[in-house]
Amino acid sequence: MTLGYDLYNTKLGLYANSRMQSREVGEDLVQDAFKKTWSYMVKGGKIEVMEAFLYHVLRGLIIDVYRKRKTTSLDLLLEAG
């Protein structure tokens, strides 16, 4: 997995940073994508194209962040009246 990390970390980081407003959040999402991929592989999952799989996982994590952000915004609107 370190080979995959070395090959794809920069590309995934640029992708995540372009989608997120915070560089730190983008970096955290890339790390989470690698952790989830590693967990999948340890459980016996087969990956045919590593780069495509990593982008797929990262896109899902970015979507999750946007969904959580909307819920928080709604809570703030309800508190404000």
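Patches, as I use the word, are made of residues with over 30% relative accessible area and no salt bridge, with like charges joined within 9 Å and nonpolar side chains (Val, Leu, Ile, Met, Phe, Trp, Tyr) within 5 Å.

I am working from a predicted model, in which local features need pLDDT of at least 70 and side-chain atom pairs count only at pLDDT 80 or more, while totals for chains, interfaces and linings use all residues. Residues are numbered from 1 along each chain as its sequence is written, and side-chain values use heavy atoms, with hydrogens and water left out.

**Entry 1, nonpolar patch.** I looked for a nonpolar surface patch and found one formed by Trp 38, Tyr 40, Met 41 and Val 42. Together they have about 390 Å² of accessible area, a value from the Shrake-Rupley method with a 1.4 Å probe, where for residues only the protein chains shown count as cover. I placed Trp 38 in helix H2; helices (H or I, at least four residues) and strands (E, at least two) are DSSP runs, numbered from the N terminus. Trp 38 is partly exposed at 44% relative accessibility. For this label I take buried as under 20% relative accessible area, exposed as over 50% and partly exposed as in between (1.4 Å probe, protein chains only).

I then turned to charged pairs. Side chains of opposite charge can pair when their charged atoms come close. I counted a salt bridge where a side-chain nitrogen of Lys or Arg is within 4 Å of a carboxyl oxygen of Asp or Glu. The count by this rule is three.

I read 3.3 Å between the closest N and O atoms of Lys 11 and Glu 51. Lys 11 is partly exposed at 42%, and Glu 51 is partly exposed at 24%.

**Entry 4, Arg 23 and Glu 27.** I found these side chains meeting in a salt bridge at 3.0 Å, N to O. Both residues are in helix H2 (residues 23-42), and because they are four residues apart, about one helical turn separates them. Arg 23 is exposed, at 57% relative accessible area, whereas Glu 27 is partly exposed, at 38%.

I noted a salt bridge here with the closest N and O atoms 3.4 Å apart. Asp 32 and Lys 35 lie three residues apart in helix H2, about one turn. Lys 35 is exposed at 52%, and Asp 32 is partly exposed at 28%.
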